[in-house]
Amino acid sequence: MNSRTEYLFHSEFPVHMTFSQQDWLLLAQYWYPIALARDISEQPQTTMLLDMPLVIYKFNHEIIVAKDACPHRGVPLSLGTHDGQQGVVCRYHGLRFGEKGKCNRIPAHPNHKISDRFHLRTYPTIERYGLIWCCLLADEQDSPNIPDMPYWDQAEYQQLVCPWIDLKCFAGRQLEGFIDVAHFAWVHADTFGDPEHPEVADYTTKETHYGFSADYLSHVGRYPIGLDQFGQEGFQWLRHFEVHLPFTATLTIHFPNDYKQVIMNAASPMTARSTRLFAPICRNYDKDLPIEEAYGYNLKIFEEDRLIVETQKPEYLPLDLSMEAHFPADRSSSMYRKLLRKAGFSQILAA
């Protein structure tokens with residue numbers, strides 16, 4: 001065991017691991033969304049990423065993400081409260097943490113110099129697409145490698161940040177379901193799928209430096225809203241997927257009359273078998289409709305997926321393609337699994 005690995009083993013790995021050490025070290029180098037920016041305030045709140053309990057709070061407009069454990073006796077800092085001035089106060093002994101997660105008060109010894117050992121273990125964060133992104137093992141010399149979301153910054157597009165959804169499944173299973181074009185007719189018959197047209201046209205995938213892309217064309221584009229403006233005889237609907245390893249993808253849907261909608265599917269792995277799904281959306285049509293309608297429709301789609309992804313066996317994603325049967329419409333999922341294996345991941349079994 002080298003010094004770096006030994007340091008990680010004693011200081012970085014979560015206490016309760018559901019990933020193998022190999023997979024955790026690989027996964028922890030990527031950036032994931034962990035919260036909606038609009039939900040963060042001075043009051044501490046907790047979440048989890050890759051089995052690591054995290055606390056999030058705001059101090060002087062700075063968002064701080066840290067290990068959710070007071071360095072003194074390990075009580076979750078998320079049980080504490082913000083004192084309204086200088087930071088978050090631990091509920092056990094009153095230690096207070098402010099700028100950059102540094103301890104600025106120990107009530108039992110108000111005149112003693114505060115050792116660095118009392119500062120929180122913080123993680124780099126950045127806000128993009130209305131989400132707070134975090135990386136547990138970021139290289140400080142590298143810029144954040146956040147997946148791109150097309151059209152998000154363009155003025156003619158409306159930006160929607162949907163409420164997150166918790167799923168009892170592995171993030172890889174959820175992401176693979178998002179890019180699966182053959183399930184539309186069967187799983188989403190009550191939203192946008194068409195059970196009368198389950199055929200999947202041939203399509204190809206193209207490897208990129210971050211994952212792969214795929215263009216899927218079909219004559220079927222069933223949407224419950226905007227039918228008057230979208231209904232065009234013979235129109236071919238283009239769905240353009242950009243998949244970013246390990247668990248994020250964007251889908252750009254091309255509607256008639258140059259209308260477009262982009263959905264980001266960012267599956268954040270809380271544990272090996274629990275996922276918090278974030279789905280920002282931007283679109284250049286129906287911008288006058290109530291935002292709650294878009295949120296509700298998006299939630300209905302992901303709820304249709306819930307039964308599938310929470311019951312699949314095995315719970316992990318088999319990267320050995322010989323373990324399951326495949327047909328041509330599975331090109332995206334097959335490419336996804338091949339690239340995960342190429343990146344060095346194991347079967348991503350629970351440890």
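The charged end of R276 sits over the ring of W164, 3.6 Å from its centre. A charge counts as sitting over a ring if NZ of Lys or CZ of Arg is within 6 Å of the ring centre and within 35 degrees of the ring normal. R283 does likewise with Y285, its charged end being 5.7 Å from the ring centre. The model behind these values is predicted, so local features need pLDDT of at least 70 and side-chain atom pairs pLDDT 80 or more, while totals for chains, interfaces and linings use all residues. Numbering runs from 1 along each chain as its sequence is written, and side-chain values use heavy atoms, with hydrogens and water left out.

Y285 also belongs to an aromatic cluster, together with W237, F255 and Y259. Across the whole structure, eleven aromatic pairs turn up; rings of Phe, Tyr and Trp (its six-membered ring) pair if their centres lie within 6.5 Å, and planes under 30 degrees apart count as stacked, over 60 as edge-to-face and the rest as tilted. One of them is edge-to-face: Y129 and W152, at 5.7 Å centre to centre and 80° between the planes. Y129 lies in the loop between β10 and β11 and W152 in the loop between β11 and β12, so this pair ties together parts 23 residues apart in sequence. Y129 is buried at 10% relative accessibility, and so is W152 at 12% (buried is under 20% relative accessible area, exposed over 50%, partly exposed in between, with a 1.4 Å probe and protein chains only). F170 and F247 make another edge-to-face pair, 5.5 Å centre to centre with 85° between the planes. Here the parts tied together are 77 residues apart in sequence, because F170 sits in the loop between β13 and α3 and F247 in the loop between β16 and β17. Both of these Phe residues are buried.

Q158 lies in strand β12, residues 158–161 (strands are DSSP E runs of at least two residues, helices H or I runs of at least four, numbered from the N terminus). Q158 counts as buried, because its relative accessibility is 13%. A polar atom of the Q158 side chain lies 3.4 Å from the backbone oxygen of K287. Leaving out residues up to four places away in sequence, Q158 touches I281, C282, R283, D286, K287 and I291, where contact means heavy atoms within 4.5 Å.

As for sheets, β2-β3-β4-β9 is the strand order of an open, antiparallel one; two strands pair if DSSP finds at least two bridges between them. Its edge strands are β2 and β9, each pairing on one side only.

Key: A polar contact is a pair of N or O atoms within 3.5 Å; within protein, one must be able to donate a hydrogen and the other to accept it, and residues adjacent in sequence count only if both atoms are side-chain atoms.
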